[in-house]
Amino acid sequence: MRTFSFRPALTLRGRKFKGLRGFSGKPLHPPLTDVPIGAYTIVFGLDVLSRILHTHHSLARELYKGATFTLWGGAIVSVFTALTGFWDWWKGSEKGTQARRTINAHAWTMLLATVLVIVNLILCTFVWDNYLNTRWSLVILSTVIFVLITIGGTIGGELTYDYGFNVETAGDSPVWQVSEVDVFPGQESDSSAAG
C-alpha cells in the first residue's frame with residue numbers, strides 16, 4: 001500500500017479561485033497566520049531573555065534588536081493576514097450567526113494585538129532604539145500581545161476545527177476510503193484512474 005500522497009494536496013487545478021479568500025480547500029488566511037503568531041511568540045521570548053540577561057550588555061542588546069526585527073517581519077505579514085481574514089469575514093459568513101459572532105471575537109482580539117504590535121514597534125524603533133536591553137514596559141507589552149494572540153488563535157482554531165469554516169470536504173469524501181488511487185480536487189472518485 002502507498003504511504004504518501006503529495007500531489008492532491010499541492011495542486012490548484014480543479015479548485016475554484018475565490019479571490020483574496022484563496023482557492024476552495026486552500027484558503028489563504030490560515031497559513032498566513034503562522035508568520036505573525038510565530039513572530040510574536042519569538043518576540044515575547046527574546047524580550048524576556050533580553051531583560052533577564054540585562055547585565056550582559058552585548059547579548060541583551062542583540063536579543064533586543066532580534067526581537068525588533070522579528071516584530072517587523074510579523075507585522076508586515078500581518079497586513080496580508082488581516083486582509084485575507086477580512087475577506088473571509090465579508091464573503092464567508094452571514095450576519096446573525098454564531099459563526100459570524102465567533103469570527104468577530106477572533107478579529108477584534110487579533111486587531112487589538114496588532115494595535116499593540118504597532119505601539120511596540122514605535123517604541124522599539126523610534127523611542128528606545130539605542131537602549132542596551134528590553135525595557136520592562138516592552139516585556140509587559142510583549143506578554144500582553146502573546147496572551148492576545150494565544151486567545152485569538154484559539155478562537156480561530158475553533159472556527160476551523162469545530163465549525164468547519166473554509167473546510168471544503170466532508171467525512172463521506174472518497175479520500176477517507178481505503179484505496180491506492182488519489183482523488184484530486186474537482187475529480188469524481190474513479191477506481192480505474194492511476195495515482
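**Close-up views of a predicted model**

**View 1. The lining of the largest cavity.** Two nonpolar, three polar and four charged residues make up the lining of the largest cavity. Everything shown here comes from a predicted model. Which residues line the largest cavity? They are Lys18, Arg21, Phe23, Ser24, Gly25, Lys26, Pro27, Asn166 and Glu168. The space inside the largest cavity comes to about 30 Å³, and the structure holds one cavity of 30 Å³ or more. How can empty space be found at all? A probe the size of a water molecule, rolled over the atoms, shows where space is left empty.

**View 2. A salt bridge between Arg21 and Asp88.** Where do the two partners lie? Arg21 is in the loop between helix 1 (7–10) and strand 1 (22–23), while Asp88 belongs to helix 3, so the pair ties together parts that are 67 residues apart in sequence. The count for the structure is one salt bridge. As a general rule, side chains of opposite charge can pair when their charged atoms come close.

**View 3. Helix 2 beside helix 3.** Look for helix 2 at residues 29–52 and helix 3 at residues 57–92: their axes come within 7 Å and cross at roughly 155°. Helix 2 is therefore roughly antiparallel to helix 3, because an angle over 145 degrees counts that way. Is their crossing left-handed or right-handed? The crossing of helix 2 and helix 3 is left-handed. Sorted by class, the contact of helix 2 with helix 3 holds 17 nonpolar, 10 polar and two charged residues.

**View 4. Helix 4 packed with helix 5.** The crossing in which helix 4 passes helix 5 is left-handed. How many charged residues does their contact have? The contact of helix 4 with helix 5 has no charged residues, with 20 nonpolar and eight polar ones.

**View 5. Helix 2 meets helix 5.** The axes of helix 2 and helix 5 come within 9 Å and cross at roughly 150°. Helix 2 and helix 5 are therefore roughly antiparallel to each other, and their crossing is left-handed.

Methods
Residues numbered from 1 in each chain as written. Predicted model: local features only at pLDDT ≥ 70, side-chain atom pairs only at ≥ 80, totals over all residues. Heavy atoms only, no water. Axes fitted to C-alpha atoms, helices over the stretch in contact; angles between N-to-C directions. Helix = DSSP H or I, 4+ residues; strand = E, 2+ residues; numbered from the N terminus. Parallel < 35°, antiparallel > 145°, perpendicular 65-115°, else oblique. Left-handed = near helix turned anticlockwise from the far one by under 90°. Nonpolar A, V, L, I, M, F, W, Y, C, P; charged D, E, K, R; others polar. 1 Å grid on protein atoms, 1.4 Å probe; cavity = no way out; pocket = protein on both sides within 12 Å on 5 of 7 lines; lining within 4 Å. Points joined across faces, edges and corners; volume = space filled by probe spheres on them. Salt bridge = Lys/Arg side-chain N within 4 Å of Asp/Glu carboxyl O.
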